[in-house]
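Please find below a short note on the model under review.

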Amino acid sequence: MKHSPCHYFIPAICFATVACTASAPPYIGALNSWVNTENTVASSRLLSNISPAGASAGAVAAATSRSNPDYWYHWVRDAGITLREVSIWLNATSTTNNNHATADVLNRKLEEYAEFSRYLQNTSSSSAYGLGTAKYQMDGSPFTGPWCMPQQDGPAMRAVSLIGYVHYLLANGKDVSIYYDGKQPTSSIVKTDLDYVAANWSTDNNNCDIWEEVRGTHFYTRMIQRRALIEGAQLATQLGDSAAGDRYSLQAEFISQNMSAAFWDAKLGHIRTTANRTGGLDYKTSNLDTQVLLAALHSGLDDGFYTVESDRMLMTVVKLVSVFKPLYGINGVSSATVNSAVMPVSLALGRYPEDKYDGYDSSGPGNPWSLITSGMAEYHYRLVETWNRRETITITSAVAGFLKQLTDDYSIYFRSQYAVDTTYNSSSAMFSEILYNVMVVGDMYMARVALHTDNGGQMYEEWNLDTGFGQGAVNLTWSYGAHTSAARHREAARCIVYSC
């Protein structure tokens, strides 16, 4: 279906620090309604998977599915991603606006998660992989079957999730010594993980990636380790532990220097998923993977280092969209009816082009994933937020390539031609039109998720590549969290482009 958003592009008032606001596409009300309804379902089901019945308090079920596939386990990384989302909600909750009950629920979930995490830390010596143990039974005992371990992103993600919680506690005058005590050796949760990351990141060259399929040094892992150490350094300094703050900062800088050379492939024009590969699936050869996209979302800071607007990330996103376009039959569908309104939809995206895991086994072929398609929607919303915050867009060749793909794949046209090596400021029509068009495409990804989500809001891990029906683990916690995160950034982007 041809879609030219310029039909709806009507600039209104321009301000010096924000884009011009514009009239929204005619289907936007229906999409808004679906996003908000699904947000209610997703947040409720995400919370129900934290401390669920039949599990230890604080354990986070990856999904409610207990057979074919069995995801009734606590993965350290996945749990950290989930509780990071919860900590964002808590920090945004005002207890002065009759939200005491909501704050109490979120606070309790984070407290239970922290206590369970400390239990895992204290018993990690029973596992051969120590804090690198990735998978636990829901009672806190380590998974002892064959599995790809260690996974060194877990301690870093757990630290990031709890640092957000610590900031909430500090803002409310609470004691945080059980989380960060400034002692050496430490008995506190966050400092234990930070000390581990600082001491071990440079020696973890045989760990497993987030899909638990390849061994080596991984972009996602390095990115979350870097974020944990940077935020950990800020927290340590704030709490008077300047020596640890300096140590964390130094190790974060070493990671930055290492990553600049290790992961960018100028010849292929994208960020490599894994460097120094030492083992794993022999058919995964492209080294092109959406976990790079997820790294930008989970670990990117507002410093230009592999952030959403960086040239290298933009070029990688273009490659990812291109490679998935012909892989799935459902990508032949370019429009859908959501809440009785017809709207354009994006391509559906999976993990990597060679994927053979179909949600049940690795007999293949692989499918598109809900959390990844939601992640691409969030990516576009974050671009709107970032460029608006910067107040300028410089059209590098990478930006031009990204904008060209909007036209080539989604029939998004610009009223006038943007010029390479030109900078557009926030008062220009081109600046506003770019933000508008990026917002439209973000909503196309959101509409794609809506198309494949059950009427009751239930989300799966995957969608069948031909039928579009949910497949694999049902009630995947990560899928719900990916939606709520995308919806939050969508609201910020919507206020920039269309006004609130």
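1. Basis of the note. This is a predicted model, in which local features need pLDDT of at least 70 and side-chain atom pairs count only at pLDDT 80 or more, while totals for chains, interfaces and linings use all residues. Residues are numbered from 1 along each chain as its sequence is written, and side-chain values use heavy atoms, with hydrogens and water left out.

2. Overall fold. The protein chain contains 13 helices and 13 strands; these are DSSP runs numbered from the N terminus (helices: H or I, at least four residues; strands: E, at least two). Its radius of gyration is 22 Å, close to the 23 Å given by the globule rule for 500 residues, so the chain is as compact as a globular protein of that length. The radius is taken over C-alpha atoms, and the rule is 2.2 Å times the number of residues to the power 0.38. Along the principal axes, the C-alpha atoms fill a box of roughly 60 × 50 × 50 Å.

3. Of the 500 residues, 62% are buried (under 20% relative accessible area; exposed is over 50%, partly exposed in between; 1.4 Å probe, protein chains only). Among contacts (heavy atoms within 4.5 Å) between residues at least 6 apart in sequence, 71% join residues at least 24 apart.

4. Residue D355. D355 sits in the loop between strand 9 (341-344) and helix 10 (370-390). D355 is classed as buried because its relative accessible area is 6%. Its side chain reaches the backbone nitrogen of Y357 at 3.1 Å. Not counting residues up to four places away in sequence, D355 touches P365, G366 and W369.

5. Residue T273. The loop between strand 6 (270-271) and strand 7 (274-280) holds T273, which counts as buried at 2% relative accessibility. A polar atom of the T273 side chain lies 3.5 Å from the backbone nitrogen of D289. Leaving aside neighbours within four places in sequence, the contacts of T273 include H218, F263 and D289.

6. Residue D70. Is D70 buried or partly exposed? D70 is partly exposed, with a relative accessible area of 32%, and lies in the loop between helix 1 (28-48) and strand 1 (74-75). A polar atom of its side chain lies 3.0 Å from the backbone nitrogen of W72. The side chains of D70 and Y73 are joined by a polar contact of 3.5 Å (a pair of N or O atoms within 3.5 Å; within protein, one must be able to donate a hydrogen and the other to accept it, and residues adjacent in sequence count only if both atoms are side-chain atoms).
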